[in-house]
Amino acid sequence: MKLVNSLIKSVISLFIISPMVSLAAPEPGSHLKVFIPSLPYLYISHSINGALLRPANNDRGWDYDMAVSHRKVDDTTYEFNLRQGVKFQDGTPFNADAVLMNMKFFKEDPFLFTKIDTVFDRAEKVDDYTVRFHLTEKYGQFLNDAIWIQFYTQAYLDKFGWNGKPTCPNLAEPGPYGLGPYILKEGYIEGDRQTPKAVLVANPNYWNSEFPKIETVTVYTELDSNQALEMAIDNDAALDIMPIPFSEKKRVEQSRFSKLVSAPSTNNIAIHINMRTGNKRLLDKDVRVALNKAIDQRRLLEKNYAGEGQISPTLAAPLYPGVDKVVKNLRAYSEVQNPKSIRDELKKTLDGLELNVYTQDRFMYIWKGIDRDLRKVGVKLNFTITSSEKDVFGQLLTTNAKKNTEDWDLLVWGNDDWYYNHPWSAFFVYRTHNAWSTIFPDSTLDGYIEKMFRESAGTPEFDDVSDKIMRHAYNNGYMLFVPTPNKVLAVNRYVNYSPFRMANMPLWEIEVTPSHWSVK
């Protein structure tokens with residue numbers, strides 16, 4: 001009994017003296033292989049990097065990460081209390097000085113997809129673990145932006161600086177540069193450049209001793225969709241997680257190696273209409289609206305989505321705050337008038353129109369339905385197909401400045417919810433001077449967006465301006481609107497994974513069972 005008591009005391013002492021001791025070290029040899037064809041740099045970013053806040057599957061869309069609490073001092077001042085005892089992946093300390101150093105580099109080269117590049121003024125050190133952020137004006141989206149203001153080591157910043165791109169931050173090269181549960185060991189994944197494969201390994205300095213639960217993660221960003229599906233459903237060890245075309249649900253359900261996982265999401269499918277360098281007929285509002293009226297969203301949802309989604313009147317997912325109220329009154333065009341009943345009228349506007357489509361192969365299941373509907377009203381679609389999202393972004397992000405090299409009229413990408421339960425994920429393509437927008441200049445729409453920046457989600461003012469933005473985009477046919485997709489995945493039978501409804505894959509939380517190929 002004395003020996004038992006002594007052992008108990010020793011264990012208790014170990015936990016008291018060394019609170020950061022690993023309570024749940026990664027399973028030795030455990031390995032996960034995932035395919036992320038859309039926005040991979042967003043899905044895995046918080047597995048590698050740390051910010052004040054990180055995405056969470058809750059109503060507000062975030063949880064604390066490098067901060068443990070915050071308060072809004074006034075409309076232009078936010079104060080954060082930092083997590084103590086945290087080290088970067090290279091062992092250097094994280095504290096208020098590290099935040100100020102990062103914000104200095106951020107100020108010089110901020111990201112450009114919101115208004116933070118103009119409203120961030122300065123960061124102030126209150127004490128070693130308290131920081132204040134000062135803004136130049138009221139800005140209701142600051143907390144969502146804070147999710148993407150990620151912190152890097154001095155070594156990384158001296159070498160690469162901050163981001164300064166139209167996309168969110170990530171690492172320009174592998175190395176122990178971040179604060180997250182995984183270290184990028186091989187490859188790189190940024191918004192505008194990526195390797196077909198990246199390898200992540202568990203971070204021994206991670207502040208939360210419960211995570212990560214898997215030792216190594218291989219992320220594929222560029223696989224042929226059909227090849228990837230075969231890897232997932234016909235092989236035990238080739239691919240553990242991948243989004244699937246909705247038409248392949250049965251094949252996944254019948255697989256010996258994978259299971260079907262499906263859940264509602266705040267993801268969006270963005271189909272751009274090129275009003276900058278595209279077919280001149282697309283400058284005509286009547287043509288754009290007619291294209292939308294010709295698409296039978298209900299049939300598209302039932303036949304091409306296999307029922308996995310929700311009919312949507314605009315780009316923004318109906319589950320977003322603010323949007324959920326608008327969609328009670330604003331209905332998709334095909335829900336107002338059956339396209340079949342107005343086909344002759346649509347032909348008068350569209351007959352003879354020929355459009356060039358630029359798409360990833362993974363979206364061909366949608367185009368089959370769209371092509372079916374548009375052919376009936378005299379529209380011919382010509383397809384250029386790629387397996388790489390970076391090719392799509394290469395054209396999209398140069399079109400606003402009229403520097404695209406592909407002759408495209410319609411372009412699609414998986415605009416998954418990267419702003420975390422906030423419709424800016426969808427609305428940002430409506431900001432007509434933004435590199436992500438292919439809409440011609442529209443001062444009314446840009447004015448609505450400026451007003452939205454000031455308001456906080458969940459307020460009546462925010463709901464009102466969301467309504468204005470959606471109705472303006474709807475009435476002008478500024479995008480090709482299709483149903484909002486569910487998340488539908490093939491997952492290895494021996495992997496425990498519950499997907500977030502937004503664009504984040506919490507790799508640190510995923511577990512493998514003892515029967516998984518990597519550990520059995």
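Visitor: Which residue is the bridge partner of tyrosine 358 in S19, and what makes S17 and S19 count as a pair?

Guide: In this predicted model, the bridge partner of tyrosine 358 in S19 is leucine 411. S17 and strand S19 (residues 410–415) are joined in the parallel sense over two bridges, and because pairing requires at least two bridges between strands, S17 and S19 count as paired.

Visitor: Why is one side of S15 and of S18 left without a neighbour in the sheet?

Guide: The open sheet has four strands in the order S15-S19-S17-S18, with mixed pairing. S15 and strand S18 (380–386) stand at its edges, each with a single partner strand, so one side of each has no neighbour in the sheet. Neighbouring strands are turned by 25° against each other on average, direction ignored.

Visitor: What makes S5 and S6 a pair, and in which sense do they run?

Guide: Strand S5 (residues 67–74) and strand S6 (residues 77–82) run antiparallel and are joined by six bridges; since pairing needs at least two, the two strands are paired. They form a hairpin with two residues between them, and lysine 72 stands opposite tyrosine 78 in S6.

Visitor: How do you know that helix H10 is mostly covered?

Guide: Of the 10 residues of H10 (residues 285–294), seven are buried, which means that each of these has under 20% relative accessible area. Among them are Val287, Arg288 and Asn292, and the buried residues of H10 pack against elements including strand S15 (268–273), helix H15 (364–375) and helix H19 (460–476).

Methods. Residues numbered from 1 in each chain as written. Predicted model: local features only at pLDDT ≥ 70, side-chain atom pairs only at ≥ 80, totals over all residues. Heavy atoms only, no water. Buried < 20%, exposed > 50% of the residue type's maximum accessible area, 1.4 Å probe, protein only. Contact = heavy atoms within 4.5 Å. Axes fitted to C-alpha atoms, helices over the stretch in contact; angles between N-to-C directions.
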